[in-house]
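Here is a friendly walk through a few parts of this structure. Have a look at the sequence and the fold, then read on.

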Amino acid sequence: MAFPDSVLDVRTELLIGVVWTDITDDVYTRSPITIERGRKDEGTRTDPTKVSLQLNNRLGKYSPRNPMSPYYGLIGRNTPIRISVPGPESYLALTGEQADIATTPDTAALDITGDLDVRIEATGDWYGPRSQALIGKWSSTDGQRSWILRTFDGALIFNWTTGGTDATGSFIQKALPGGLTRAAFRATLDVTDGAGGHVPSLYWAESLDGPWTLLSTAVLPGTTSIFNSTTALELCPSVPTTTFPRLPVRGRVHRAEVRSGIGGTAVAAPDFRGLAEGTTSFADGAGRTWSTTGDARITDREYRAYAEVSSWPARWDISGEDVYVPIEAAGIGRRLGQGKKPLASTLRRRVPSGDPLAYWPLEEGKDATRAYSPVPDVTPLTITGFDFAAEDTLAGSSPLPKLRNQAKLRGTIPRSTASGWHVEMVYKLDTMPASQTEIMRVTVAGSTMRTAVVYASTAGIRIEAQDSTGDVLAFFLYTDPTAIAAFTGSWNRLQIYVSDAGGGTTRLSAAWRDVAGTGGYSRASTIYTGALGAAVGVAGDWAAATEGMVLGHLAAFDTAGSGTAPGVTIYESADDGFTGETALARLDRLAQEETALDLVRLDGDATRPSELMGPQRPAPLLDLLEEVPATDGGILYEHRERLGLVYRDRSSLENQPVALALDYLADGEVGPPLEPVEDDQTVRNDVTVKRDGGSEGRAVLESGPMSVLPPEEGGIGPVEESVTLSLALDTQAQQIAGWRLGLGTWDEARYPTVHVMLHAAPHLIPDVLAMEIGDRLTISNPPPWLPPETIDQLAQGYTEILDQYTWDLWFNCTPAGPWTVAILEDPVLGRLDTDGSELAAAVDADDTELLVTVTAGPLWTTDPIQTPLDVRAGGEVMTATRITGDVEDQFRRTVTSGWGTADSGQAWTTAGGSASDYSVQGA
């Protein structure tokens with residue numbers, strides 16, 4: 001028997017050592033398992049997941065310091081725990097690691113060299129910068145590669161080769177639509193189209209059953225073929241040596257097909273949906289035998305929470321018979337929020353990743369007496385005349401030092417055996433020296449040039465190569481007025497580097513660029529006879545002309561340039577704190593930099609980029625992560641299948657399909673209480689948005705029931721909000737203020753809690769298991785004392801209680817209405833409303849025709865193609881099947897009395913005006 005006729009199969013597991021251990025038998029049934037997940041309302045921050053349960057500890061198994069416990073030394077602070085229930089079907093669970101796949105041996109049926117049709121239905125994270133293989137005959141070693149279907153950064157890609165090598169390969173790719181989690185992907189290859197060409201195509205569908213939507217197709221010249229490799233067919237092959245390691249999909253595979261010929265016979269058809277949990281080998285419908293390897297497994301478990309047990313409190317009754325541990329586990333958000341250690345500046349984090357020989361950030365506190373290097377075995381700089389922590393205006397840095405009148409710097413660079421070098425730093429020099437003044441000096445070994453010096457003056461920027469005696473080997477004075485002006489007055493990066501000029505000569509270059517990108521890129525170069533050499537030291541001697549100059553993030557690399565172009569680009573974007581990167585790009589970058597952070601994205605409309613972020617300043621990681629939903633309007637929440645985070649961008653919340661459709665009249669689908677709330681808790685009708693470090697925008701609702709007007713004038717009075725956000729541009733502030741005003745003045749009752757009792761309505765279990773934070777739910781046929789239209793909400797979070805014979809969820813909801821947004825030329829969402837319409841004549845309940853007057857804004861459409869459409873009158877939703885304007889009269893008169901004639905300008909008209917009558921029929 002299935003639940004609710006039998007006990008709910010809730011499984012509780014602890015990660016003991018490296019093995020998930022089932023401890024379900026030790027979970028007390030007297031206390032149900034409670035899970036809290038998501039956020040309580042439409043606030044920016046999401047609360048950490050919370051899991052509460054009790055463990056039987058009579059044997060002392062769950063006392064971490066008990067040496068008699070079988071788990072002694074294996075459990076303790078932050079031991080992972082997960083809770084699961086059986087789902088409606090099985091699936092192949094893949095970890096994303098190279099060894100964890102499903103495979104079937106090569107056989108003659110799989111040796112397809114002609115037309116090919118590949119299909120797979122999977123659940124995964126499709127939008128992040130991770131290269132994920134889905135299915136293919138593609139060896140990790142070049143030479144035995146036939147074909148592969150994969151995804152990367154939100155795109156579907158199909159590769160094939162004619163000779164088994166990458167050099168003989170071709171591909172087709174196309175961006176996926178937004179909002180996909182479980183989806184089917186398909187690639188076809190017509191190797192010869194009968195007209196001297198070949199045609200690869202890509203498709204997607206909601207499932208393998210279709211219908212298929214064409215993503216991309218191309219008619220390419222010449223015929224092609226597919227290499228007949230001996231490689232096994234795999235779910236999912238990997239090539240870990242590519243620039244972005246191509247690894248198996250991290251998620252689920254539900255079923256797949258390989259067909260010989262487009263729409264032809266299936267030669268492989270693994271379907272995991274009906275397999276028993278724990279199956280490791282099976283024959284598919286086409287006769288192929290599949291085996292799982294590594295930690296790939298077939299299961300039907302649906303995970304409701306993944307958390308960490310932070311403490312193991314021992315409890316017992318007075319008799320000592322009832323010994324138990326009440327656990328409260330929490331999601332990763334709790335741990336990320338502890339400590340609050342700020343991440344270093346973006347330059348301090350980024351420059352070491354470029355493998356410098358030496359690096360001195362110069363971000364010391366104001367009382368520092370030396371400048372250390374985070375690069376091992378590099379000695380601190382010897383300095384005098386530095387006022388540390390004196391300037392904090394560079395977005396990509398913590399405060400940097402200023403030079404006094406008389407300042408000195410010396411630094412030793414470990415010598416490299418490589419040929420060539422590059423030295424770089426950031427600086428700000430407010431005023432150009434009148435006479436030639438040294439800015440930076442590099443000591444070189446292994447070359448006729450022993451010193452490279454950059455000078456600056458109002459006459460120009462001079463790069464100079466000197467020999468061991470100080471004589472000038474070569475120099476160049478760059479006198480372009482624009483370049484001279486760009487050298488001062490703002491934050492710049494100075495690069496000094498060498499490149500091979502051929503014939504035993506070396507090019508020495510100095511390049512500077514405005515960090516903000518407004519001053520362009522300037523370069524002075526000269527050529528001397530001699531080898532590139534190796535940089536072994538940096539130095540500077542400064543006096544009155546450079547007093548107040550700020551510098552920092554001085555680094556040296558053993559990388560030569562190419563021609564006049566530098567060979568080091570690691571400072572790019574990090575110097576201005578990555579100002580202007582999109583919200584999604586910031587999340588991706590932070591996740592790549594913080595290797596312990598598992599963060600995935602659920603993107604919506606790929607044609608609508610996420611908001612542009614301001615500079616990333618030093619702050620705790622969680623604060624930086626939460627800047628993204630605050631700016632972009634999405635939701636950052638915890639993954640329920642692993643210890644990680646999910647970001648759902650704003651566009652994925654807009655115009656959603658219904659994930660959970662409830663009927664109030666259906667038995668058990670909506671539990672008590674269903675209580676609408678009419679309050680001003682979420683109302684904001686006067687919104688100010690400030691750009692951190694910039695300007696602000698304000699949006700105010702001046703009229704209407706939610707406006708700033710006092711109640712006696714039809715409003716609710718002013719309810720203000722002011723927020724400061726990370727924004728790249730001042731113009732963003734006004735747009736976001738308007739968006740937040742729309743959310744804060746949506747005129748609809750709130751339903752803070754929607755109660756679903758799965759033990760009373762078990763047919764809802766599949767839909768509820770598939771729901772995620774931010775999904776849409778509706779309640780049709782509400783009770784007669786509520787408005788008659790369907791209740792439409794977004795689930796911001798939920799509390800879930802899992803007991804033996806009961807399974808309850810209380811969804812924390814907010815109205816979905818404001819998340820329905822216009823789409824240009826869409827047949828439904830592309831329609832404009834009027835700014836005001838009212839009945840021109842009274843109607844009864846049985847009337848099917850309305851006479852309507854437009855009081856403001858656009859007129860009603862009379863185009864029959866635009867109907868039927870839904871209209872709302874007095875809170876009731878009706879469907880209009882026909883709209884005519886032939887009864888209107890705008891009474892545009894040119895005389896003060898009398899009807900007159902058409903010749904006098906008193907004509908009957910059916911167009912224009914702000915007060916027009918329409919006949920709306922079929923309502």
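In α4, the buried residues are Ala-583, Leu-584, Arg-586, Leu-587, Asp-588, Arg-589, Leu-590 and Ala-591. "Buried" here is under 20% relative accessible area, with exposed over 50% and partly exposed in between (1.4 Å probe, protein chains only). That makes 8 of the 11 residues of α4, so the helix is mostly covered. What does the covering? Among the elements over those buried residues are α2 (346-350), β38, α5 (621-632) and β40 (645-648); contact is taken as heavy atoms within 4.5 Å.

A word on the ground rules: this is a predicted model, where local features need pLDDT of at least 70, side-chain atom pairs count only at pLDDT 80 or more, and totals for chains, interfaces and linings use all residues. Residues are numbered from 1 along each chain as its sequence is written, and side-chain values use heavy atoms, with hydrogens and water left out. Helices (H or I, at least four residues) and strands (E, at least two) are DSSP runs, numbered from the N terminus.

Next, a covered strand. β33 (residues 491-502) has 9 of its 12 residues buried. Which strands does it pair with? Pairing takes at least two bridges found by DSSP between two strands. On one count, β28 (residues 422-428) runs antiparallel to β33 over 7 bridges, with Val-426 bridged to Arg-493. β34 (residues 505-514) is also antiparallel to β33, through 10 bridges, and there Tyr-497 has Ser-509 as its bridge partner. β33 and β34 make a hairpin with 2 residues between them, and Gly-503 in the turn has a positive phi of about 65 degrees.

β42 (residues 686-691) pairs with β43 in the antiparallel sense over 5 bridges, and Lys-690 sits opposite Glu-696 in β43.

On a 1 Å grid over the protein atoms alone, a cavity is a set of points where a 1.4 Å probe fits but cannot get out, while a pocket is an open set with protein on both sides within 12 Å along at least five of seven lines; lining residues have an atom within 4 Å of a point. Points are joined across faces, edges and corners, and a volume is the space filled by probe spheres set on them. The count comes to 3 cavities of 30 Å³ or more.

| Space | Volume | Lining by class |
|---|---|---|
| Second largest pocket | about 1,400 Å³ | 19 nonpolar, 9 polar, 14 charged residues |
| Largest cavity | about 50 Å³ | 1 nonpolar, 2 polar, 4 charged residues |

In these classes, Ala, Val, Leu, Ile, Met, Phe, Trp, Tyr, Cys and Pro count as nonpolar, Asp, Glu, Lys and Arg as charged, and the others, Gly among them, as polar. Of the 42 residues lining the second largest pocket, the closest to its centre are Thr-95, Glu-97, Arg-250, Asp-598 and Arg-642. β5 gives the largest share of that lining, 5 residues.
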